Amino acid sequence: MPLNITEKLIKSHLVEGEMVTGKEIGLKIDQTLTQDATGTMVMLELEAMGVERAQTEASAQYVDHNIIQVDNKNADDHLFLQSATRRFGLYYSRPGNGVSHPVHMQRLAKPGKTLLGSDSHTCANGCMGMLAMGAGGMDVALAIAGEPIYIKMPKVWGIKLTGKLPDWVSAKDVILELLRRHDVKGGVGKVIEYYGPGLDQLSAMDRHVIANMGAELGATGTVFPSDEEIRRFLKEQGREEDWVELTADIDASYDIEEEINLSKLEPLIAKPSSPGNVVPVSEVAGTPIYQSYIGSSANPGYRDFAVAAEIVKGKTVANGISFDINPTSRQMLTDLVKESHIASLLQAGARLHQAGCNGCIGMGQAPATGRNSLRTTPRNFPGRSGTQEDSVYLCSPETAAVSALKGEITDPRTLKIPYPKSKEPENPTVDTSLLDEPLPYEEAKKVELHKGPNIASIPPMDALPDELDLPVLLKMDDNISTDEILAGGARVLPYRSNLPEISKFAFEIIDKTYYTRGMDSVTTGGHAIVGGFNYGQGSSREHAALAPRFLGLRVALAKDFARIHWQNLVNFGVLPLTFVNEEDYDQIEQGDILQLNDLRKKVQQSSEFTINVKGKNVSIQVSHALSQRQVDVILQGGLINLVKERLKKVSSIEK
């Protein structure tokens with residue numbers, strides 16, 4: 001039977017289950033990616049599980065999020081991560097080397113391989129003909145230890161690209177068009193696979209832009225073919241030997257089929273405060289802005305900066321505009337300097353920042369209160385920029401650069417200059433000086449972990465009780481993001497390795513009293529929360545599950561969940577339930593007490609059961625989507641407990 005690329009990748013890595021849509025499958029993982037906002041916890045989990053050595057073909061730890069050093073916390077954790085990578089046999093990308101996704105693409109990504117990363121935008125490396133997926137840190141720790149990743153077999157959504165992009169329209173507008181059509185839930189349960197003649201004009205980095213924001217659609221992953229363009233890119237990086245061709249079979253089919261005619265696209269923009277709130281730029285033209293920001297993993301390519309530099313060359317940005325340039329890798333920054341593009345940007349009034357995630361995750365460049373920020377970043381969830389009352393628009397580098405000159409959102413097609421055609425450097429820089437290779441095993445065994453005063457071990461977590469009376473501490477609307485559950489930014493993320501401290505920020509954007517009420521619930525059996533559709537969208541950070549669990553969260557009841565957050569809840573022993581009848585959402589109020597009786601038996605015996613609302617004579621039918629393996633995880637109180645128990649049995653048998 002003819003196979004598409006996604007099916008080929010899954011089939012070649014399938015170690016458990018069958019390729020039947022919706023059924024749980026286990027996949028072998030070839031490579032892993034961790035970044036510092038999530039990687040510290042991954043390294044602590046490796047230590048807790050007693051892992052001796054990474055079992056993957058390549059695992060890399062990047063320092064790209066927490067690179068602002070206002071005190072000792074981030075610097076101490078950098079030393080911890082460096083020691084952990086030396087101890088466990090991982091690559092270590094030092095601070096300033098760049099954002100994980102483009103750096104991994106340049107240095108380690110290989111067509112035909114699987115990649116699991118503790119960052120939701122790991123899917124960006126699907127541009128290389130890989131099955132690249134984001135996951136919670138615990139899943140990545142297990143993958144490093146040689147365990148498979150378990151996911152539901154996705155549908156494959158084939159998107160045929162035809163036509164040719166017009167001037168002033170670029171790859172960012174392609175993915176914004178898909179978000180305009182389908183919003184932030186459109187990709188749930190699917191891998192998006194691009195094919196067709198329109199691919200011919202999309203560079204490897206253009207494809208990265210499109211694949212990156214598959215996460216904003218909620219997709220399991222995004223896959224592009226490994227064709228001559230990928231071969232060209234790898235040759236440019238000095239890695240042509242890593243190239244293999246990977247394309248769909250002739251007559252391959254897709255579960256869902258769609259077409260995007262590139263010729264008909266126009267400049268698009270996502271209005272605050274959702275990546276799915278997309279309209280033509282012309283519709284909001286004239287809106288004043290305070291900031292125009294170019295960079296991030298959603299526009300990390302050389303051309304993204306070079307085009308902007310050519311647009312502003314010889315000009316000056318409008319008075320009062322903060323024109324922020326956020327390079328994505330040292331290697332690329334070197335080329336931009338060599339070709340004088342950085343000079344053009346600086347002379348136009350740009351502010352140059354170090355290579356890293358920076359403003360994308362709220363690590364610097366936060367906008368002023370009540371002012372509009374125009375960004376090429378992937379997300380504009382409330383507060384993600386670092387300013388709680390923010391107003392962030394998402395757009396292409398072309399729109400961002402032209403708008404910086406005008407001081408207001410501007411359709412770039414109205415600029416009276418020829419569309420700049422940026423040329424890639426003839427001999428691009430290849431720089432591995434800040435990417436440390438794994439130590440040999442005998443040498444690695446001698447390395448001791450360096451733990452600063454801000455690192456706290458994960459406290460023990462109890463098994464699932466049989467009887468629970470849980471007050472509903474929060475009732476929330478649709479599309480609650482992990483940024484709202486647990487904020488990122490320079491104020492919060494330095495505590496990523498200190499669970500008791502980072503828990504103080506849980507749900508603060510929604511309800512500042514949650515922390516105190518959660519702590520009070522711990523001694524009385526815990527609590528529940530209720531959400532709407534797409535609960536937990538956005539970042540893969542497992543702290544958004546772990547911190548509420550620390551504060552007593554036992555059950556999350558929602559209309560449905562975002563994939564990665566749902567998995568993270570399971571991993572830490574929080575029971576994720578959905579309403580069988582969505583209208584029952586209206587029967588529960590914040591402050592109600594949910595009664596769950598004979599719970600352990602019910603979870604094991606059926607995917608549906610009834611819970612009661614105490615004192616209201618209301619019964620709610622709920623369901624779970626747990627596999628038998630995940631039921632065992634929930635009963636044990638989380639994956640750490642399950643792995644510990646398994647290792648104890650192995651140790652006992654060996655003795």
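This is a predicted model: local features need pLDDT of at least 70, side-chain atom pairs count only at pLDDT 80 or more; totals for chains, interfaces and linings use all residues.
Gln 35 has Tyr 62 as its bridge partner in β4. Strand β3 covers residues 31-35 and strand β4 covers residues 58-62; the two run parallel and are joined by five bridges. Helix α2, residues 36-49, packs on the sheet and touches both β3 and β4, with its direction at about 115 degrees to that of β3.

Stepping back, β3 and β4 sit within an open sheet of six strands, ordered β7-β6-β3-β4-β5-β20, with mixed pairing. At the edges are β7 (131-134) and β20 (435-436), each of which pairs on one side only. Another helix, α3 (residues 72-88), lies across β4, β5 (91-93) and β20, and runs at about 155 degrees to β5.

| Strand pair | Direction | Bridges | A bridge partner pair |
|---|---|---|---|
| β1 (residues 14-16) and β2 (residues 24-27) | antiparallel | two | Glu 16 and Gly 26 |
| β2 and β8 (residues 149-152) | antiparallel | four | Ile 25 and Ile 151 |

Leaving aside residues up to four places away in sequence, Leu 594 touches Leu 468, Asp 469, Leu 470, Val 472, Ala 528, Leu 557, Ile 588, Ile 611, Asn 612 and Val 613. In soluble globular proteins, nonpolar side chains tend to be buried together.

Arg 239 is placed in the loop between α8 (228-236) and β12 (256-261). Is Arg 239 buried or exposed? Arg 239 counts as buried because its relative accessible area is 6%, and the cut-off for buried is under 20%. Polar atoms of the Arg 239 side chain lie 3.1 Å from the backbone oxygen of Gln 106 and 3.3 Å from the backbone oxygen of Arg 107. Not counting residues up to four places away in sequence, Arg 239 touches His 104, Met 105, Gln 106, Arg 107, Leu 108, Ala 109, Lys 110 and Leu 234.

Technical notes
Residues are numbered from 1 along each chain as its sequence is written. Side-chain values use heavy atoms; hydrogens and water are left out. Two strands pair if DSSP finds at least two bridges between them. Contact means heavy atoms within 4.5 Å. Axes are lines fitted to C-alpha atoms, for helices over the stretch in contact, and angles run from 0 to 180 degrees between N-to-C directions. Buried means under 20% relative accessible area, exposed over 50%, partly exposed in between (1.4 Å probe, protein chains only). A polar contact is a pair of N or O atoms within 3.5 Å; within protein, one must be able to donate a hydrogen and the other to accept it, and residues adjacent in sequence count only if both atoms are side-chain atoms.
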